[in-house]
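Subject: A structure for you to explore

Hi there,

Here is the structure I promised to pass on to you. Have a look at it first, and then read on for what turned up in it.

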Amino acid sequence: MIKRRLAPIILSLSSILILTACAQRLSYPEQSGVSEQSLSSGPDIRSIPKDEFLCTVGWLDDTTILLALESNGEYGLFSHDLDTGKEQPIRTFSDRLVFVALSANGRRILVQVANQQGNNVMMIDKSGNALAEIRFSEGLLTGVSWNPANEGKLFLSAQKKVGSLENYLWDLSSDEAMVALPVTGEMPVWYSENMYLQKKTANDGVSALVLSDVRFPGKDTVIDQEILAYGLEDESVWVVTPSDFNAEELFVVSYYPLLIAQGYVALPRIADGSRLIIPEFETGRDSDEIFALLPKQESDIAAGITFELAKIDFPENALKVLTEVERMAPISVSPEGSYVLYGERYEYLYDVERNGWIQLSE
């Protein structure tokens, strides 16, 4: 296991350690993990010792993942080739590693390290070379959004205390440190060089998806009303809303580009107790295939809720179930759609072609 003094910090950030540039991370009900019995045969990949594995960060290319590992008090980032099993060090840290995020194109890595003097935020390239570093005393990072036209311009979200999030702009071309944004709630997400998306919630609790432009503050465009969640990949946007036609369904619309509907799917509205379960959607940066993690209410109510990994075809309003999983958790698709990472720390890997699961950590 990870050292006892580190476990609360690492696990509290498990769902955001592995954010990519456009990920809108959602909250899910507590459920049991995937059991060993549910793992089927896949490629022969050596499992990483559980006392070394912190998380899988994301995809460097279609067959290479970025790992965050810890051994004997030293933290490190490593590339891991799925074909050969070989690992190559990218950069090691003597200070505690508390946040890691990978840009959508796999070329830039953002890390936060902590020591007794405070926190440092550093941007490095995939070879481990430092590109920028600043002192950051505003709390623990919880999310990052990379500008698609300028990797040196980022939105950051940080948690100062439980339940309190602050948003910042870090522009590496500016002499200023991080600039606090007058934007509360969820972190804004870059859509283009100057425009960004944000979920804004009114006093009545109803949320809207809004498009804003840094050049024209205050001139917002409402994309969709009464949204529950949204996701972004390049110019594709998915929006989850309650159905206008059936109270027992959710409506998921795909826009590409923004404001031009590509298609939709209707999904059953399923709750776990009082909490609505929101589907997760992802696609590889070099692939048109869209993957989703979906809840399913069994016909036998006593059997409860199951979960499925599926491919979604929005134009055809269709889906193809690939495999079952045992809980709702984040997913990340490899650039060409060959693999899907799954789990709170991306500790499982699904091989799409072989229809097999691989356990990355013992």
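Before we start, one term: two strands are said to pair if DSSP finds at least two bridges between them. Please also keep in mind that this is a predicted model.

With that term in hand, look at strand 6 (residues 108-115) and strand 7 (residues 118-125): they run antiparallel and are joined by 8 bridges. The two strands form a hairpin, with 2 residues between them. You can follow the pairing residue by residue: Asn115 stands opposite Gly118 in strand 7, and Ala114 stands opposite Asn119 in that strand.

On its other pairing, strand 6 meets strand 5, again in the antiparallel sense, over 6 bridges. Here Leu97 stands opposite Val113 in strand 6. The hairpin of strand 5 and strand 6 has 5 residues between the strands, and Gly106 in this hairpin takes a positive phi near 75°. Ser103 also sits in the loop between strand 5 and strand 6. Is Ser103 buried or exposed? Its relative accessibility is 2%, so Ser103 counts as buried. The side chain of Ser103 makes a polar contact, at 2.8 Å, with the side chain of Asn105.

An open sheet is formed by 4 strands in the order 5-6-7-8, with antiparallel pairing. Strand 5 (96-102) and strand 8 (130-136) are at the edges; each has a single partner strand, so one side of each is left without a neighbour in the sheet. On average, neighbouring strands of this sheet are turned by 15° against each other, direction ignored. As for strand 6, 6 of its 8 residues are buried, so this strand is largely enclosed by the rest of the structure.

Next, the aromatic rings. The count comes to 10 aromatic pairs. One of them is formed by Phe281 and Phe314, a tilted pair with 6.1 Å centre to centre and 40° between the planes. Phe281 lies in strand 23 (residues 280-283), while Phe314 is in the loop between strand 25 (305-313) and strand 26 (318-325), so the pair ties together parts that are 33 residues apart in sequence. Elsewhere, ring pairs link Tyr342, Tyr348, Tyr350 and Trp357 into a cluster.

Enjoy exploring!

Best wishes

Technical notes
Residues numbered from 1 in each chain as written. Predicted model: local features only at pLDDT ≥ 70, side-chain atom pairs only at ≥ 80, totals over all residues. Heavy atoms only, no water. Axes fitted to C-alpha atoms, helices over the stretch in contact; angles between N-to-C directions. Buried < 20%, exposed > 50% of the residue type's maximum accessible area, 1.4 Å probe, protein only. Polar contact = N/O pair within 3.5 Å; in protein donor to acceptor, adjacent residues only side chain to side chain. Phe/Tyr/Trp six-rings, centres within 6.5 Å; stacked < 30°, edge-to-face > 60°.
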